[in-house]
Amino acid sequence: MSLLLAMTGWHVEDWRARFQALLPEMPIVVLGEPFDRRAVHYVASWKHPAGSLTGLPNLAAIFSLGAGVDFLFADDKLPEVPIARVVDPDLTTRMSEYVVLHCLMYLRQQHRYMRQQQAKLWEDDRNQPAARSVRVGIMGLGELGLDAAAKLKLIGFDVAGWSRSPKSAEGLQTFSGEDGLKAFLARTDILVSLVPLTPQTRGILNAELFAGLARDGRLGGPFLINPGRGGLQVADDIVAALDAGTLKGATLDVFETEPLPVESPLWSHPGVTITPHNAAMSEPEAIASLVAAQIRRLEAGEPLLHAVDPARGY
Ligand code: NDP
Ligand code: OXD
């Protein structure tokens, strides 16, 4: 019985070493190397090539090595076995760090001061809004959205969230569904996108949505932070909204095509901050431990934790 590692873009040897240490009794095999397909009971995947998981007759479960599973459902030859995703405090904390960092960058006008330093310019217009006067809106009140919301509230931001189904969370104004979206956007100065990529959310960060964001806020216009998925955003609409002033800035960690092609206008737009899909990296030490614990559960006849619902797509 073996575990197959199927990943692109990550350092597979780090994962192999970590899994081998955690599961000494289990052969750890790697996609692209020779291995016995009949022996594979488990797959740990990050963006495996579509179609590469066929012909595994004894496969019992697939583990996404990330919190998102859209890359799995994009494979129309994905075997029909239970799928689990990452829910882990290490990853959650990393995402909250990213969200808090970039909200503070906008609150404290840090992009402007970096430009001023380049120009050796000492300029302060004595206009520094308090966190409590800035309204952050988090799209997606799941594992990551709720933790980021709690940490932003601790700093003092005025935080609200939007989800598919109604939610209540202490001290958090919540909105849900299509009906709640307009009011949620109308009270949002900094929009943070943490919904999964599904057929319902694809392209949701578009011109119409940007036009619905608050324009009466203390930051002088709305900002977008998207560490969710690239397929959520319409890149041309972001550029147009920045040029028109509908958006004042955008921080993007994820893109429809990754790495972001050099010819993308996002790279050089003065209103855009880009990070290379590392808002919350899956760290082998923490995440391999989670997957190994899941395998032990299955071997002991216990149910899988953090299973995803293929019908919902997340
Ligand atoms: P969860 O599944 O825990 O939460 C998803 C949230 O989005 C839920 O609140 C859900 O609503 C809401 N949602 C889903 N569909 C819709 C919809 N159609 N309309 C409104 N709300 C919707 O996911 P996580 O918080 O763990 O992760 C969120 C995403 O973050 C991942 O899918 C991934 O794409 C991204 N991510 C990015 C990383 C990076 O490094 N850039 C790292 C990790 C994750 P409900 O509560 O009603 O189900
Ligand atoms: C994830 C990611 O989904 O890293 O965990 O994007």
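Predicted model: local features only at pLDDT ≥ 70, side-chain atom pairs only at ≥ 80, totals over all residues.
## Ligand 1

The shell around ligand 1 holds 30 residues, and those that come nearest are Arg85, Ser165, Lys167, Pro227 and Tyr314. Sorted by class, the shell contains 14 nonpolar, 9 polar and 7 charged residues. Three secondary-structure elements each supply at least two residues of the shell: helix H3 (89–107), helix H5 (143–155) and strand S7 (158–163).

In the side chain of Lys167, an N or O atom is 2.5 Å from an oxygen atom of the ligand. On the backbone side, an N or O atom of Glu143 lies 2.9 Å from an oxygen atom of ligand 1, and the corresponding distance for a backbone N or O atom of Gly228 is 3.2 Å. On its own, ligand 1 has 940 Å² of accessible area, of which the protein covers 92%.

## Ligand 2

Ligand 2 is surrounded by Trp46, Gly66, Ala67, Gly68, Leu91, Arg229, His277 and Ala280. This shell divides into 4 nonpolar, 3 polar and 1 charged residues.

Arg229 takes part through its side chain, where an N or O atom is 2.7 Å from an oxygen atom of the ligand. The accessible area of ligand 2 on its own is 210 Å², and the protein covers 88% of it.

How many cavities of 30 Å³ or more does a search of the whole structure find? The search finds 1, and the volume of the largest cavity is about 40 Å³.

The lining of the largest cavity is formed by Phe63, Ser64, Ala84, Arg85, Val86, Leu290, Val291 and Gln294. Strand S4 (61–64) and helix H9 (284–299) are the elements that give two or more residues to this lining. H9 provides the largest share, 3 residues. By class, the lining residues are 5 nonpolar, 2 polar and 1 charged. Arg85 belongs to the cavity lining and is also one of the residues that come nearest to ligand 1.

Definitions and conventions. Residues numbered from 1 in each chain as written. Chains lettered and ligands numbered in written order. Heavy atoms only, no water. Near = heavy atom within 4 Å. Polar contact = N/O pair within 3.5 Å; in protein donor to acceptor, adjacent residues only side chain to side chain. Areas by Shrake-Rupley, 256 points an atom, 1.4 Å probe, with all protein chains shown as cover. Nonpolar A, V, L, I, M, F, W, Y, C, P; charged D, E, K, R; others polar. 1 Å grid on protein atoms, 1.4 Å probe; cavity = no way out; pocket = protein on both sides within 12 Å on 5 of 7 lines; lining within 4 Å. Points joined across faces, edges and corners; volume = space filled by probe spheres on them. Helix = DSSP H or I, 4+ residues; strand = E, 2+ residues; numbered from the N terminus.
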